[in-house]
Amino acid sequence: MEEVIPGIYLIKEKSSFERIKPSENIYVIAGPDGLIFDAGFGNKKVVKFLIKEINKIEQLYRNNKEDFKITRILVSHGHPDHFAGLKRIKNALGVKIVLTEKTADIIKNKKSFMKSFNADSYEDYLIIQKGFRYRIRSFLQKLMYSFFFKRIYGLSFIANPDEIIKANTEISINDENWKVFPSPGHAVDHISLYNQKKGVLLSGDNILSKTTWLGPPNCSISDYIESVETIQKLPNLKIILAAHGALIKNPGERTLEILKHRKERTQQVIDIIKGNIEKGTSPDEIIQKLYPNKKKMQIEITRGWVCLTLKMLEEQNVIKRIEGKKEIKFYSTNKL
Ligand SMILES: [Zn+2]
């Protein structure tokens, strides 16, 4: 663990399958009425490491004759690398699990968690919902659950959280005011935690040093852009404590960079569609043009943001679709 801001400690958690899943940043806001932000992985070994690190912080406080008690744990959103550890951490530390209504609803059981990955409108993925390819995708999802979520994340669900808070509210941590506010885009239920006096933002997955993953069905590019703009305007913002990778010490620059990147990506998609006015362009053709040399597996990951961008452009009436038997093609509207 490392004290990154006076009184705030970063614990870098390493998953048991590090090659597949990168490490996770857990933050401990230490003091007499402290809070843990994000629960990380739920594997026995990983939680054991986390508890050991928290005990080290407690020891430091004891040595300095300062009060130390962690009373709560709050998660940024209902993705497995952020909530899987909740149950084990609660059992070990006796902390209260605090969730927003939306997150609580997603992580209450397997059915609702899986539903959050598999919305009814799966055509958001822009493949026709029939045939071999669709069946393969459903099969892969089941495999994802049993292998990835269960084994890699050590997933367990939370049927009865101790406290439900509003997504837009203020909470007191060690007698200091922290603002909780919704920041959807990467996930529908995503929240951020901000201390204006300190200028510290705990941003979950929204502002990372690398590009945040965006993909259907529960992400939205326009929501994401709005959330980044909200974060950009936070008064006195000095540092962003991200859920993965490095801390963001230049929040103004980084948020600007993210917005610029999204704008450029959107323009690339528009240009590709514009370049094929007669025949129309399928999502696969767009991906092919954007990533001519990428491997199949990488393409599946990038498919997410491309499809979401298409969805946003459709909503803005910049492009329109025509559905064929086997694929969906996009055409530019007169607005272009
Ligand atoms: Zn996430």
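Predicted model: local features only at pLDDT ≥ 70, side-chain atom pairs only at ≥ 80, totals over all residues.
In general terms, strands of a sheet pair through backbone hydrogen bonds, either parallel or antiparallel.

Within this sheet, β11 can be followed in some detail. β10 and β11 (residues 200–204) pair in the antiparallel sense over three bridges. Leu193 has Leu202 in β11 as its bridge partner, and Tyr194 has Leu201. The two strands form a hairpin with four residues between them, and Gly199 in the turn has a positive phi of about 75 degrees. With β12, β11 pairs in the parallel sense, over four bridges. Here Val200 stands opposite Ile239 in β12.

How many of the five residues of β11 are buried? Five of the five are, so β11 is largely enclosed by the rest of the structure. In a regular strand the side chains alternate between the two faces of the sheet. In β11, Val200, Leu202 and Gly204 point one way, while Leu201 and Ser203 point the other way, and all are buried.

Asn174 lies in the loop between β8 (169–173) and β9. Most residues other than glycine have a negative phi. Asn174 is not a glycine, yet its phi is positive, at about 50 degrees. Its relative accessibility is 18%, and because buried means under 20%, Asn174 counts as buried.

Further along, the loop between β9 (176–182) and β10 (191–195) contains Ser183. Ser183 has 0% relative accessibility and therefore counts as buried. Which residues is Ser183 in contact with, leaving aside its neighbours within four places in sequence? They are His190, Ile191, Ser192, Asn206 and Ser227.

β5 (residues 70–74) and β6 pair in the parallel sense over three bridges, and Arg72 stands opposite Lys96 in β6. β6 and β7 (residues 163–165) also pair in the parallel sense over three bridges, with Thr100 opposite Ile165 in β7. Four of the five residues of β6 are buried, so this strand is largely enclosed by the rest of the structure.

The helices come next. The axes of helix α7 (residues 221–232) and helix α8 (residues 251–274) come within 10 Å and cross at roughly 160 degrees. This angle makes α7 roughly antiparallel to α8. The crossing in which α7 passes α8 is left-handed. On the α7 side, the contact is made by Ile221, Tyr224, Ile225, Val228, Glu229, Ile231 and Gln232, and on the α8 side by Gly252, Thr255, Leu256, Ile258, Leu259 and Arg262. Of the residues in this contact, eight are nonpolar, three polar and two charged.

α8 also packs against helix α9 (residues 283–290), at an angle of about 115 degrees and with the axes 10 Å apart. The crossing of α8 and α9 is right-handed. From α8, the residues Arg265, Gln268, Val269, Ile272 and Ile273 meet Ile286, Lys289 and Leu290 of α9. Of the residues in this contact, five are nonpolar, one polar and two charged.

In the loop between α10 (296–315) and β13 is Asn317. Although Asn317 is not a glycine, its phi is positive, at about 60 degrees. Is Asn317 buried or partly exposed? With a relative accessible area of 43%, Asn317 is partly exposed.

Strand β13 (residues 319–323) and strand β14 (residues 328–332) pair in the antiparallel sense over five bridges. One of the residues involved is Lys320, whose bridge partner in β14 is Tyr331. The hairpin that joins β13 to β14 runs through four residues.

Notes: Residues numbered from 1 in each chain as written. Heavy atoms only, no water. Axes fitted to C-alpha atoms, helices over the stretch in contact; angles between N-to-C directions. Parallel < 35°, antiparallel > 145°, perpendicular 65-115°, else oblique. Left-handed = near helix turned anticlockwise from the far one by under 90°. Contact = heavy atoms within 4.5 Å. Nonpolar A, V, L, I, M, F, W, Y, C, P; charged D, E, K, R; others polar. Pairing = 2+ DSSP bridges. Buried < 20%, exposed > 50% of the residue type's maximum accessible area, 1.4 Å probe, protein only.
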